[in-house]
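Me: Hi! Could you walk me through this one with me? Here it is.

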Number of protein chains: 2
Amino acid sequence: MKYPNGIQKEYKILTSHANRGMTLEEDLNVTNEYYRESDIAIIYKKPTPITIHKVDYVSRKDAIIKDARFTIPSTTDYNGIYQGKYIDFEAKETAHKTSFPLSNIHEHQIVHLRRIIKHGGIGFLIVRFTSYDETYLLKGEDFFRFIDQEKRKSIPRTYFQKYGIAIPLGLRPRLDYLKFIEVKNETKN
Amino acid sequence: MKYPNGIQKEYKILTSHANRGMTLEEDLNVTNEYYRESDIAIIYKKPTPITIHKVDYVSRKDAIIKDARFTIPSTTDYNGIYQGKYIDFEAKETAHKTSFPLSNIHEHQIVHLRRIIKHGGIGFLIVRFTSYDETYLLKGEDFFRFIDQEKRKSIPRTYFQKYGIAIPLGLRPRLDYLKFIEVKNETKN
């Protein structure tokens, strides 16, 4: 897939990493499925936003989209509920070795994450450095501290090592990111 | 747009109701925009889920989807956060005069709504009877009581009148459904 701003150039390179097991998206999909089946959390990836220009109605029950474009997402890709709390995050892979380019996250998505946290939700990033097979959870507050204080257009890997949480790969669940989410909640379910 | 199970036959009829102002989806879009701008709630409609079979990469920055199909959604269409609480709902219009056919709601979506409520989220339906221009909010518990106790394949309009809440149309916000949502929450924001 390919977004208007060129993000997908990197995405395409990444998904061809045949030496690595699954992509971050695949890891998250199976993890979220595990969470749902185990009744731990209800979290889904949102469908890819597109604008449809032409649909062929082959029959009353079959429609084929013949012309559509990818559109820039207004929100992050993942959201749901965990321990009664609203959860919201964006997940990205990068093949860069020393830093994570901020061009991977749309301005809309940053605004969205800020709003979520302001409204009492839990917002964060999950970033994978594919060269090292390292996956970090970076809490919203740590992400915003960086972009509010730094002028750099990429977050150094060392920043993730210092402020992020390394999520180990497991079997079931594959990528147990919720383990590292603290729910400050008087009304636990 | 057209889903595999024929739901869209009805949808197509509905969107051609030129005598009525906006569709329910349009009303909800402007309402959710108002909620976001006024910092009341962060609620979005999810993109329509599709499966992409063929993409033409016209240039490095432009991709055209040439073959794709609509897929059955796993979740409801709308979710977000309101007063620190996870909100989740499905919205449907019907041109039927006496009842709302349950075939409008996928089995997956019912399972999803049950899970959301079990996990402490707020789940409901918004149903519009276009013939009367009536829009009802039906809380998850009232929806499930019907489908658990009744064998009927449609919910009578009288059930909405008795257990639902009629949402009046306004100017700003257009369809103030959150007004009727009680947030039982010790940690109000």
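**Sheet and interface**

Reply: Happy to. Strand E8 (residues 134-139) of chain A and E10(A) pair in the antiparallel sense over 2 bridges; strands pair if DSSP finds at least two bridges between them, and strands (E, at least two residues) and helices (H or I, at least four) are DSSP runs numbered from the N terminus. This is a predicted model, where local features need pLDDT of at least 70, side-chain atom pairs count only at pLDDT 80 or more, and totals for chains, interfaces and linings use all residues. Residues count from 1 along each chain as its sequence is written, while chains are lettered from A and ligands numbered from 1 in the order written.

Me: Which residue stands opposite Tyr136(A)?
Reply: Ala166(A), in E10(A).

Me: And what's the strand order in that sheet?
Reply: The 6 strands run E1-E4-E5-E7-E8-E10 (chain A) in an open sheet with mixed pairing. E1 and E10 (165-166) of chain A are at the edges with a single partner strand each, so one side of each has no neighbour in the sheet.

Me: Switching topic: how many residues of each chain are in contact?
Reply: 37 of chain A with 36 of chain B, where contact means C-beta atoms, placed from the backbone, within 7 Å.

Me: Which element gives the largest share on chain A's side?
Reply: E3(A), with 8 residues. E3(A) also pairs with strand E3 (residues 62-70) of chain B, antiparallel over 4 bridges, and Ile65(A) stands opposite Ala68(B) there.

Me: Why do you say the copies meet through the same surface?
Reply: Because 97% of the interface residues of chain A are also interface residues in chain B.

Note on methods:
Two residues are in contact if their C-beta atoms, placed from the backbone, lie within 7 Å.
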